[in-house]
Amino acid sequence: MSGRGTRPALAVLAAAAVLALAGCGDSGSDSGASGASGAELSVGSAYIPQPVSASMAAGFLTITNEGDADDELTSVTSEAGDVTVHETVDGTMKEVDRLEIPAHGRLVFRSGGNHLMFEKLKRQPKQGESVTVELHFAQSEPVTVEVPVKAATYQPGDGHSAHTGN
């Protein structure tokens with residue numbers, strides 16, 4: 001198979017493979033989704049500190065929107081247990097139905113701020129494992145992320161400091 005017509009076909013197959021792998025997401029790469037809304041979402045810096053409780057854990061990540069339209073995180077699901085979205089305002093944590101991801105901006109989940117709350121865990125995740133979550137948005141397609149479980153004392157190096165936003 002060495003004709004001129006095979007090179008474009010190989011390029012299309014290679015591009016399709018890259019796109020398929022991008023949706024898998026792992027601790028070393030970002031996951032992304034584009035919606036018809038014009039939002040261009042990617043997820044990175046995801047982690048769960050190893051929980052001290054057998055039934056409850058917190059999760060942190062950053063959702064970046066490189067697109068020209070706002071979107072909203074509306075829910076998070078996981079086979080590991082129930083997941084709710086919480087925001088912290090003036091030191092008070094409350095569950096919310098949705099959080100905005102501004103165009104050309106970020107939604108940051110960090111310790112002491114916005115976070116995911118895992119409850120009714122089927123089993124306690126241990127350091128070195130990953131928990132699969134699916135993020136659901138108002139406009140964009142869902143994004144599946146493999147969230148690594150880190151040491152309980154883990155401090156992220158980027159994406160979660162106060163200067164990055166929410």
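Visitor: Which pattern does the protein chain follow, read along the sequence?
Guide: This is a predicted model, and the pattern of its chain is α-β-β-β-β-β-β-β-β-β-β-β. Counted up, the protein chain has 1 helix and 11 strands.

Visitor: What makes S4 and S10 a pair of strands?
Guide: A pair needs at least two bridges between the strands. Strand S4 (residues 71-77) and strand S10 (residues 130-137) are joined by 4 bridges, so they count as paired. The two run antiparallel, and within this pairing Leu-73 stands opposite Phe-137 of S10.

Visitor: How do you know that S10 and S11 pair?
Guide: The cut-off is again at least two bridges. S10 and strand S11 (residues 143-150) have 6 bridges between them, in the antiparallel sense, so the pairing holds.

Visitor: Why is Leu-116 called buried?
Guide: Buried means under 20% relative accessible area. Leu-116 has a relative accessible area of 3%, which is under 20%, so the word applies. Leu-116 is found in strand S9 (residues 115-119). Of the 166 residues of the protein chain, 40% count as buried.

Visitor: Which residues does Leu-116 touch, not counting residues up to four places away in sequence?
Guide: They are Ala-57, Ala-58, Gly-59, Leu-61, Val-76, Val-83, Thr-84, Val-85 and Phe-109. Take Gly-59: it lies 57 residues from Leu-116 in sequence, but the C-alpha to C-alpha separation is 4.7 Å. For the protein chain, among contacts between residues at least 6 apart in sequence, 69% join residues at least 24 apart.

Visitor: What makes the link between the side chains of His-136 and Glu-134 a polar contact?
Guide: The term requires a pair of N or O atoms within 3.5 Å, one able to donate a hydrogen and the other to accept it. The polar contact joining the side chains of His-136 and Glu-134 is 3.2 Å, so its length falls within the cut-off. His-136 is found in strand S10.

Visitor: Leaving aside neighbours within four places in sequence, which residues is His-136 in contact with?
Guide: His-136 is in contact with Glu-72, Leu-73, Thr-74, Ser-75, Val-76, Thr-77 and Pro-142.

Definitions and conventions
Residues numbered from 1 in each chain as written. Predicted model: local features only at pLDDT ≥ 70, side-chain atom pairs only at ≥ 80, totals over all residues. Heavy atoms only, no water. Buried < 20%, exposed > 50% of the residue type's maximum accessible area, 1.4 Å probe, protein only. Contact = heavy atoms within 4.5 Å.
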